[in-house]
Amino acid sequence: MSDIKLFQQTGATLTELESASSPLERALQTTFEQNLETLLGVRFLASEYATSHGGRMDTLGVDENGYPVIIEYKRQRDENIINQGLFYLDWLMDHRGEFELLVRDKFDKATADAIEWSAPRLICIAASFTKFDEHAIKQMSRNIELIRYRKFGDDLLMLDLLTAVSTKAQPVIASQNGKATKYKTNAQSLADANDDLTNLYADIEVFMVGLGDDVVQKTLNNYFAFKRIKNFACVEVKPQINVIRLYLKVDPEVVEMTDGLEEGFTRDVRNIGHFGTGDLEVTIKNHEDLERAKPLILQSYEAS
């Protein structure tokens, strides 16, 4: 029996909707692929992509942080999709050029050039996982997520992030004028920050992680991403101007109509280039700003 129950209200009467726990069928995979951005924050790239070793990756995509994503679906109860997915992850790392060419042809060169190879993701989707599956991925130094799905009736789909394991991004080494240049990462910017800014970031992190057991933190080169299944906040540390910038998935127009956008605190960045995801920029200079920002962070978290 599922530990999640869903009820439909008709007048004063509540009726429990039965959930389906049968292995995932091909039709549901197609539904996922047609709605990847909505469900997982992933742009669809390819379905049943054949590797040179004869295997087929169920779904390939690129997530909102630029990571390559492999999605594997568990169709049979005894199928070991975690090991299968790890095999495909290794294959992908050995065939980066092939993946980037696929991205270029599907999207554009800019997207292909921006692929983040420090920690590609494996998402495993199934009607159920065992406690051994959840324990196993915690022993692996790879970006792996286990997502359980449940269907309620004919038109309701629930996703439950059971567990996720993160790895830290490695510094990017780029070539400039024939010489290797190491660009400062967001983590290095945090290390360079003074004590006040470091403590401020620590309090922001504690608040975000404390929003729920499903919050996962990802360390990327240019920002820290806080996510559930999808990002709800991207954080940049700016020691040179002594501020921390958040990018939240909150509609700036709604903020404008309610509290109003405030210069130096909130800004509409829908048409302004920036790292990470989110249309609302929030600049935090001190703990008072953090307190004012908490309702916006919570709003973004609940919408993700």
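Reply: Asparagine 221 has 8% relative accessibility, so under the 20% cut-off it counts as buried. The model is predicted, and that holds for everything below. Asparagine 221 belongs to the loop that links E12 and E13. Its side chain makes a polar contact of 3.3 Å with the side chain of glutamate 116.

Now the sheet on either side of that loop. The sheet is open and has six strands, ordered E12-E13-E14-E15-E17-E16. Their pairing is antiparallel. E12 (216-219) and E16 (266-268) are the edge strands. Each has a single partner strand, so one side of each lacks a neighbour in the sheet. On average, neighbouring strands are turned by 20° against each other, direction ignored.

E15 (residues 243-248) runs antiparallel to E17 (residues 280-284), and five bridges connect them. In this pair, leucine 248 sits opposite leucine 280 of E17. Helix H10 (residues 287-303) packs on the sheet. H10 touches E14 (231-238), E15, E16 and E17. The direction of H10 makes about 150° with that of E17.

The largest nonpolar core counts 29 residues. Met208, Phe226, Phe232, Leu246 and Val282 have the most contacts inside it. At least two residues of this core come from each of H8 (195-209), E13 (224-227), E14, E15, E17 and H10.

Which residues is phenylalanine 226 in contact with, leaving aside neighbours within four places in sequence? They are Tyr201, Glu205, Met208, Val209, Val215, Val216, Gln217, Asn231, Phe232, Ala233 and Val235. Another core lies apart from the largest one. This other core has 27 residues, including Leu60, Trp91, Val103 and Ile144.

In H1 (residues 26-34), the buried residues are Leu28, Gln29, Phe32 and Glu33. These residues span an arc of only 145° around the axis, which places them on the same side of H1. An α-helix has 3.6 residues a turn, so residues three or four places apart point the same way. Ala27 and Gln34 are on the other side of H1, and both are exposed.

Conventions. Residues numbered from 1 in each chain as written. Predicted model: local features only at pLDDT ≥ 70, side-chain atom pairs only at ≥ 80, totals over all residues. Heavy atoms only, no water. Pairing = 2+ DSSP bridges. Helix = DSSP H or I, 4+ residues; strand = E, 2+ residues; numbered from the N terminus. Axes fitted to C-alpha atoms, helices over the stretch in contact; angles between N-to-C directions. Contact = heavy atoms within 4.5 Å. Core = buried A, V, L, I, M, F, W, Y, C linked by side-chain atoms within 4.5 Å. Buried < 20%, exposed > 50% of the residue type's maximum accessible area, 1.4 Å probe, protein only. Arc of directions from axis to C-beta. Polar contact = N/O pair within 3.5 Å; in protein donor to acceptor, adjacent residues only side chain to side chain.
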